[in-house]
Amino acid sequence: MDDTNSLIEQRRAKLASLRERGIDPFRNKFTPSESCLEARENYSEGREVQLAGRITAHRDMGKSLFVDIRDQSGRMQVYAQKNALGEEPFEIFKHLDLADFLGVKGTMFTTKTGEISVKAESFVILAKSLRPPPAKWHGLEDTEIRYRQRYLDLISNPEVKEVFLKRSAILREMRGFLEHRGYTEVETPMMQAIPGGAAARPFKTHHNALGCDFYLRIALELPLKRLLVGGLDRVFEIGRNFRNEGLSRRHNPEFTMLEAYQAYGDYESMMELVQGLVCHLAESVLDTLVIEHKDTEGNVVRTIDLNPPWRRVTYKNLVRETAGADWFELTPAQRREKASALGAEIGEAYEDFEVTQAVFEKLIEPTLINPTFVTHAPKQLIPLAKLSPDDPDCVEVFECCINGQEIAPGYTEQNDPIEQRERLEHQAGGEQQKLDEDFLIALEHGMPPAGGIGIGVDRLCMMLLGQESIRDVVLFPQLRPKT
RNA sequence: GGGUUGGUAGCUCAAUGGUAGAGCAGCGGCCUUUUAAGCCGUUGGUUGCGAGUUCGAGCCUCGCCCAACCCA
């Protein structure tokens with residue numbers, strides 16, 4: 001990237017030439033009277049405007065020329081005439097490059113072909129671009145450049161910009177929805193002495209002044225529950241989690257979670273919350289409850305119908321649908337054999353519940369395209385939830401699956417400190433995982449019964465925005481640093 | 001970690017083991033309502049990096065780097 005080529009040399013020469021004429025093409029300030037879109041919407045012949053934007057096209061007619069400038073709102077055509085600007089300014093205008101930032105003052109008019117345009121009376125070069133832009137109309141295809149230099153992607157591919165503007169809208173509506181329901185947004189530490197709330201490998205860092213190691217958080221859960229103890233009855237946090245694991249189409253080492261906790265709620269109230277939230281997001285941002293995913297040719301490959309009410313089915317019943325009504329009556333050895341026969345890969349060391357979970361993850365979850373609340377998971381899977389009164393093997397939880405992925409787990413949260421300690425100690429097992437004693441002490445002070453949810457915001461955005469890779473909903477996805 | 005595919009001009013892509021090309025962009029010229037403007041001319045390459053085979057390698061072989069996809 002520190003390379004050079006003739007195109008860059010030419011632009012540097014133009015910069016030098018401007019400086020020789022006493023022009024500084026990097027201005028401190030220029031105040032547009034309005035955006036390009038506002039100018040277009042408030043068009044009247046002869047109205048004077050002052051606009052700014054990046055030059056995205058250049059059509060030279062000899063003694064006059066057109067350029068397109070673009071700001072975030074849209075595009076505006078600028079018309080420059082030699083006898084309107086004067087000989088030397090016109091010569092300078094003529095040598096502007098694609099991607100330069102231009103400020104222009106002029107009057108609005110409509111061309112013969114009916115396009116609203118600005119006839120330039122004067123102009124200012126706001127920022128000279130010293131490198132050529134990637135493409136005029138092809139767009140930028142190279143995934144490596146798109147991800148490493150996202151700004152070029154955003155300039156070249158309007159649909160990419162649209163995705164990220166919608167992601168921003170999703171986050172905004174998410175906050176609005178929760179605040180409207182009485183939830184308070186909080187911020188809790190990303191650096192934790194003991195990373196808890198999930199089973200994942202953490203990133204480690206070191207604090208010099210304190211002389212100790214910290215871990216980047218792998219979940220938001222435990223600090224938020226402390227706030228329930230502290231009397232904040234409805235809290236949520238939207239923040240980054242960090243997991244030191246593999247990268248894939250669905251995994252980025254840092255990813256965004258929403259977690260929300262409601263005192264006096266349970267897993268059922270949280271199902272209502274998830275359903276209401278996701279429907280609100282789809283309606284307010286996309287204006288529809290039916291999401292279509294398309295391939296690169298534009299063919300619809302998948303349709304997700306978010307219309308409520310969403311299906312609710314217990315984990316066991318769902319497993320029986322795929323693995324046989326007698327699945328839970330088989331012996332563990334029979335289950336292992338049948339799971340392999342069905343096509344799930346079963347590790348040597350898998351415990352019995354993991355065999356069933358492998359069937360769920362490999363054979364069932366990918367088929368759950370329309371929203372499905374899978375309730376009552378086996379208790380071994382989830383140590384932070386309350387046991388179900390109906391089935392002591394299960395916990396009062398749901399996993400909301402949409403688009404073949406887990407999007408949102410929700411629990412009736414465990415608030416019995418004795419029970420919680422046993423479950424965590426059992427989970428820690430031989431791994432010598434440290435218990436978060438302060439969390440357990442907090443529970444001993446008393447936590448109200450509560451429901452909680454977590455939503456993987458990136459995966460939610462993938463589902464809502466029709467993107468097949470997490471890298472296409474994260475502005476700066478993690479790549480190996482280029483040497 | 002394993003497999004597959006790919007990396008050629010600023011961008012998008014070509015090129016039987018035999019002189020590295022096109023379109024666009026760029027540069028120069030003509031053109032005062034164009035819009036993928038048009039017309040004429042023209043510059044631009046360490047073919048990801050490094051070895052090897054060969055009279056000759058973008059192409060074949062080996063190693064490495066980066067990316068995408070699939071698998072673990």
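Are Phe93 and Phe123 buried or exposed? Both are buried, where buried means under 20% relative accessible area, exposed over 50% and partly exposed in between, using a 1.4 Å probe and protein chains only. This is a predicted model, in which local features need pLDDT of at least 70, side-chain atom pairs count only at pLDDT 80 or more, and totals for chains, interfaces and linings use all residues. Residues are numbered from 1 along each chain as its sequence is written, chains are lettered from A and ligands numbered from 1 in the order in which they are written, and side-chain values use heavy atoms, leaving out hydrogens and water.

**Aromatic rings**
- The whole structure has six aromatic pairs; rings of Phe, Tyr and Trp (its six-membered ring) pair if their centres lie within 6.5 Å, with planes under 30 degrees apart counted as stacked, over 60 as edge-to-face and the rest as tilted.
- Phe93 and Phe123 make an edge-to-face pair, 4.9 Å centre to centre with 90° between the planes.
- This pair links distant parts of the chain, 30 residues apart: Phe93 is in helix α4 (residues 87–94) and Phe123 in strand β5 (residues 116–127).
- Helices (H or I, at least four residues) and strands (E, at least two) are DSSP runs, numbered from the N terminus.
- Phe66, Tyr79 and Phe109 form one aromatic cluster.
- Lys119 lies over the face of Phe109, 5.0 Å from the ring centre; a charge sits over a ring if NZ of Lys or CZ of Arg is within 6 Å of the ring centre and within 35 degrees of the ring normal.

**RNA strand B**
- There are 46 residues around RNA strand B, and Gln10, Thr113, Trp137, Glu144 and Arg480 come nearest; a residue is near a strand if one of its heavy atoms lies within 4 Å of it.
- Sugar and phosphate make up 65% of the atoms of RNA strand B that come within 4 Å of the protein.
- Helix α5 gives the most to this surface, with five residues.
- A side-chain N or O atom of Arg59 is 2.5 Å from a base oxygen of RNA strand B.
- For Thr111, a side-chain N or O atom is 3.0 Å from a base oxygen of RNA strand B.

**Cysteines**
- The structure holds zero disulfides, a disulfide being a pair of cysteine sulfur atoms within 2.5 Å.
- The sulfur of Cys394 is too far for a bond, because the closest cysteine sulfur, in Cys401, is 16 Å away.
- Cys400 has its closest cysteine sulfur in Cys401 at 6.9 Å, also too far for a bond.
- Cys400 is buried, at 0% relative accessibility.

Notes
A polar contact is a pair of N or O atoms within 3.5 Å; within protein, one must be able to donate a hydrogen and the other to accept it, and residues adjacent in sequence count only if both atoms are side-chain atoms.
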